[in-house]
Amino acid sequence: MKPKCVVALALPDDIIERLATRYEVAAWNGSDAMSQQRLSDALAGAEGLLCALSTPVSATIIDQATELKVISTISVGVDHIAMPAATRRGIPVGHTPGVLVDSTADLAVALMLASTRRIAEADQWVRESQWNQGWQSDLLLGTDISQATVGLVGLGPIGEAVARRLRGFGCKLVGWNRTPRVIEDVEPMALDQVFEQADVVSLHTALTEETRHIASRGRLALMRTGATLINTGRGLLVDEHALIDELGSGRLRAGLDVFREEPLPPHHPFLAMRNVVLLPHVGSATLSTRSAMLQRALENLNAGMSDLPLAWCANPEVYHREP
Ligand code: DGY
């Protein structure tokens, strides 16, 4: 009998067929996220779970999945998985670090330019047939990234890759990291100071208990009038209610790829605001990056199903536990 694995997101048929040569596969192919009840039912008797961000894997689900021996997520972030519960059970959690650094850094810079040069707003304006005069001296004026101070919150691989790109624009770079890190041309600063001094603040930390609402109401209030917040990390890094207030008053601008609730609910206040550029969590969405992420996730899954150590493990401590 083949061991069972659950695939909790819709994937191309050829991937499912490949998995089915080795495993009994319970694959979700709905266009919406798999519900918690369905996931829990599907995991009965399963040894492996392949999942992604849209499927929370709670402690209850992990505890009920008594045969589970590997969780592999197609993401670098593991905040959707109850990590302490997985670790307690000795279940390794595979993730996909490294391969999405450049794509995500590109998108953060794209959002900075889109926000400071009002690109989405201008595109919409043209489509709405509002362009009924030729060149106008004061039309859709933005700000220059080359003259800006950009503050990087988090100087890990993605923050560093953003800094590398921005050096080419000639802007001043300041940054904060939880454990101090020296990055060429990035002036280290206290977190509050980054928010206070930057014209553009870009968030590049993982979501943890410590970083939840790192862009708090107080820190958003420290930002300069006219400054821009960029978030390609996780929605919960930002106090979204406070950001809505700041954007609603017109004091700040923002470029956001991630949200507290995804997909963004209909009638969300952001949808009516012109000073925020909205993207549907596409930081890693290039063909080559997504295929590299999937490749790593499949390797992790196969390793765990064969009781081998995972090449990219988010909780390596499971391998050093007393039996
Ligand atoms: C991740 O891998 O955590 C990203 O958010 C997915 O694009």
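## Close-up views of a predicted model

**View 1. Serine 129, an exposed residue in a loop.** With a relative accessibility of 59%, serine 129 counts as exposed, because the cut-off for that class is over 50%. In this predicted model, serine 129 sits in the loop that runs between helix H6 (119–127) and S6. Its phi is near 60°, which is a positive value in a residue other than glycine. Most residues other than glycine have a negative phi, and most peptide bonds are trans.

View 2. Aspartate 185 belongs to the loop between strand S7 (172–176) and strand S8 (186–188), and its phi is positive, at about 65°, although aspartate 185 is not a glycine. Its relative accessibility of 51% places aspartate 185 among the exposed residues. Proline 263 is found in the loop between strand S11 (253–256) and strand S12 (276–278), and the peptide bond that leads from glutamate 262 to proline 263 is cis, with omega near -5°.

**View 3. Helix H1 and its two faces.** Helix H1 spans residues 13–20, and its buried residues are Ile15, Ile16 and Leu19. When the helix is seen down its axis, these buried residues fall within an arc of 95°, so they line one face of H1. An α-helix has 3.6 residues a turn, so residues three or four places apart point the same way. On the face of H1 that is turned away from the buried side lie the exposed residues Asp13 and Glu17. The buried residues of H1 pack against strand S1 (4–7), strand S2 (24–27), strand S3 (46–51) and helix H11 (287–305).

**View 4. The largest nonpolar core and the surroundings of leucine 50.** The largest nonpolar core has 45 residues, of which Leu11, Leu50, Val150 and Val162 touch the most other members. Two or more residues of this core come from each of the elements S1, H1, helix H5 (101–116), strand S6 (149–153), helix H7 (157–167) and H11. Apart from residues up to four places away in sequence, leucine 50 has contacts that include Val6, Leu11, Leu19, Ile74, Ala297 and Leu301. Another core, of 30 residues, lies apart from the largest one, and among its members are Ile214, Met223, Leu229 and Val238.

View 5. Around the ligand are Leu53, Ser75, Val76, Gly77, Leu100, Arg234, His281, Ser284 and Met293. An oxygen atom of the ligand lies 2.9 Å from a backbone N or O atom of glycine 77, while a polar side-chain atom of arginine 234 is 2.6 Å from an oxygen atom of the ligand. The side chain of serine 284 has an N or O atom 2.7 Å from an oxygen atom of the ligand. On its own the ligand has 230 Å² of accessible area, and the protein covers 90% of this.

View 6. Histidine 95, in the loop between strand S5 (93–94) and H5, counts as buried at 13% relative accessibility. When neighbours within four places in sequence are left aside, histidine 95 is in contact with Thr73, Ser75, Val76, Val78, Asn300, Trp312, Cys313 and Ala314. Serine 40, in helix H2 (residues 36–42), likewise counts as buried, with a relative accessibility of 18%. Not counting residues up to four places away in sequence, serine 40 touches Ile61 and Gln64.

How values were computed: Residues are numbered from 1 along each chain as its sequence is written. This is a predicted model: local features need pLDDT of at least 70, side-chain atom pairs count only at pLDDT 80 or more; totals for chains, interfaces and linings use all residues. Side-chain values use heavy atoms; hydrogens and water are left out. Buried means under 20% relative accessible area, exposed over 50%, partly exposed in between (1.4 Å probe, protein chains only). Helices (H or I, at least four residues) and strands (E, at least two) are DSSP runs, numbered from the N terminus. The arc is that of the directions from the helix axis to the C-beta atoms. Contact means heavy atoms within 4.5 Å. A nonpolar core is a set of buried Ala, Val, Leu, Ile, Met, Phe, Trp, Tyr and Cys residues joined through side-chain atoms within 4.5 Å. A residue is near a molecule or strand if one of its heavy atoms lies within 4 Å of it. A polar contact is a pair of N or O atoms within 3.5 Å; within protein, one must be able to donate a hydrogen and the other to accept it, and residues adjacent in sequence count only if both atoms are side-chain atoms. Accessible areas come from the Shrake-Rupley method with a 1.4 Å probe; for residues, only the protein chains shown count as cover.
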